[in-house]
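Here is a note for a colleague who is opening this entry for the first time. The points are numbered so that each can be checked against the structure.

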Amino acid sequence: MYAIVEIAGQQFKVSKDQKVFVHRLPNQEGEKVAFNNVLLLDNNGTITVGAPAINGASVEAKVLKHLKGDKVLVFKKKRRKGYKVKNGHRQFLTQIVIENIVASGAKSTQAKPKTEKAPVKSAKADDLKKIEGIGPKAAEALVAAGVDTFAKLAKKSVEEIKTILSETSSTLAHLDPQTWAAQAQLAAEGKWDELKKWQDELNGGIVK
């Protein structure tokens with residue numbers, strides 16, 4: 001029995017006990033997770049195709065570990081312009097193992113774990129670009145590392161933020177996040193007027 005399921009924006013053909021590398025998931029290591037967007041099921045030769053997903057079907061898995069993929073180098077050069085730029089990127093990944101494939105009409109006892117995961121999936125991420133000094137690329141790097149709310153960013157040290165940025169891309173290594181955590185703390189507490197007043201005194205997130 002196998003299924004074609006969408007996980008973190010990608011489609012995978014999976015079967016029981018198979019290990020898969022997917023884009024970074026917010027779940028902790030050892031935590032169980034269910035994916036409900038099952039597009040196709042093959043149950044001993046009986047194929048069911050969703051429109052687009054199959055009602056009641058899910059793929060249950062367990063998070064094994066979080067890691068980063070191999071470094072990809074991108075080199076750009078313009079002839080006779082003296083322009084050379086080399087960037088590196090390592091994708092944040094999660095390794096999961098498929099524990100069970102539930103077909104349509106599964107028992108309610110098997111569906112309970114999916115109900116428990118719903119609050120986690122519905123958690124709303126904050127717009128980190130509201131922090132002075134964080135642009136779209138930096139915000140994307142932080143979210144990929146699991147720092148997707150003001151509260152999480154407020155708990156990060158300057159060195160931890162720098163590590164995330166430099167490991168994501170060399171083009172982000174020059175950013176100075178010295179005030180990001182403090183700004184995020186004000187945003188998390190809803191002190192927008194105080195934050196706006198402070199940001200007017202900053203220069204790209206740096207104390208003038």
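Predicted model: local features only at pLDDT ≥ 70, side-chain atom pairs only at ≥ 80, totals over all residues.

**Notes on the model**

1. Two of the facing residues can be named here. Leucine 40 in strand 5 has isoleucine 4 opposite it, and valine 38 is the bridge partner of valine 5.

2. Strand 5 also pairs with strand 6; the two run antiparallel and are joined by four bridges. Across this pairing, isoleucine 47 in strand 6 stands opposite aspartate 42. Strand 5 and strand 6 form a hairpin with two residues between the strands, and asparagine 44 in this hairpin has a positive phi near 55°.

3. These pairings belong to an open sheet of four strands, in the order 2-1-5-6, with antiparallel pairing. Strand 2 (10-15) and strand 6 (46-49) are the edge strands, each of them pairing on one side only. On average, and with direction ignored, neighbouring strands of this sheet are turned by 20° against each other.

4. Another open sheet has four strands in the order 3-10-7-4, and its pairing is antiparallel. Its edges are strand 3 (19-23) and strand 4 (32-35), which each pair on one side only. Strand 4 runs antiparallel to strand 7 (residues 58-68), and four bridges join them. Within strand 7, lysine 62 is the bridge partner of lysine 32.

5. Turning to the helices, what is the angle at which the axes of helix 2 and helix 4 cross? Helix 2 covers residues 136-144 and helix 4 covers residues 158-168; their axes come within 10 Å and cross at roughly 105°. Angles of 65 to 115 degrees count as roughly perpendicular, and helix 2 and helix 4 are therefore roughly perpendicular to each other. On the side of helix 2 the contact is made by Ala138, Ala141 and Leu142. Helix 4 contributes Ile161, Ile164, Leu165 and Thr168.

6. The structure holds one aromatic pair. Its members are phenylalanine 150 and tryptophan 192, with ring centres 5.8 Å apart and planes at 75°, so the pair is edge-to-face; the cut-off for that label is over 60 degrees. The pair links distant parts of the chain, since phenylalanine 150 is in helix 3 (residues 150-154) and tryptophan 192 is in helix 6 (residues 192-199), 42 residues apart.

7. Are the two residues of this pair buried or exposed? Phenylalanine 150 has a relative accessible area of 6% and is buried, because buried means under 20%. Tryptophan 192, with a relative accessible area of 38%, is partly exposed.

8. Two lysines are placed over tyrosine rings. Lysine 13 lies over the face of tyrosine 2, and its distance from the ring centre is 4.4 Å. For lysine 78, the charged end sits over the ring of tyrosine 83, 4.9 Å from the centre of that ring.

9. Lysine 86 belongs to strand 9 (residues 83-89). Its relative accessible area is 55%, so lysine 86 is exposed, the limit for that word being over 50%. With residues up to four places away in sequence left out, lysine 86 touches Val74, Phe75 and Ser170. Leucine 73 is 13 residues from lysine 86 in sequence, and the two are 6.9 Å apart in space, C-alpha to C-alpha.

10. The protein chain has six helices and 12 strands. It has 208 residues, of which 33% count as buried. Among the contacts in the protein chain with a separation of 6 or more, 63% are accounted for by residues 24 or more positions apart.

Note on methods. Residues numbered from 1 in each chain as written. Heavy atoms only, no water. Phe/Tyr/Trp six-rings, centres within 6.5 Å; stacked < 30°, edge-to-face > 60°. Buried < 20%, exposed > 50% of the residue type's maximum accessible area, 1.4 Å probe, protein only. Lys NZ or Arg CZ within 6 Å of the ring centre and 35° of its normal. Pairing = 2+ DSSP bridges. Axes fitted to C-alpha atoms, helices over the stretch in contact; angles between N-to-C directions. Parallel < 35°, antiparallel > 145°, perpendicular 65-115°, else oblique. Contact = heavy atoms within 4.5 Å.
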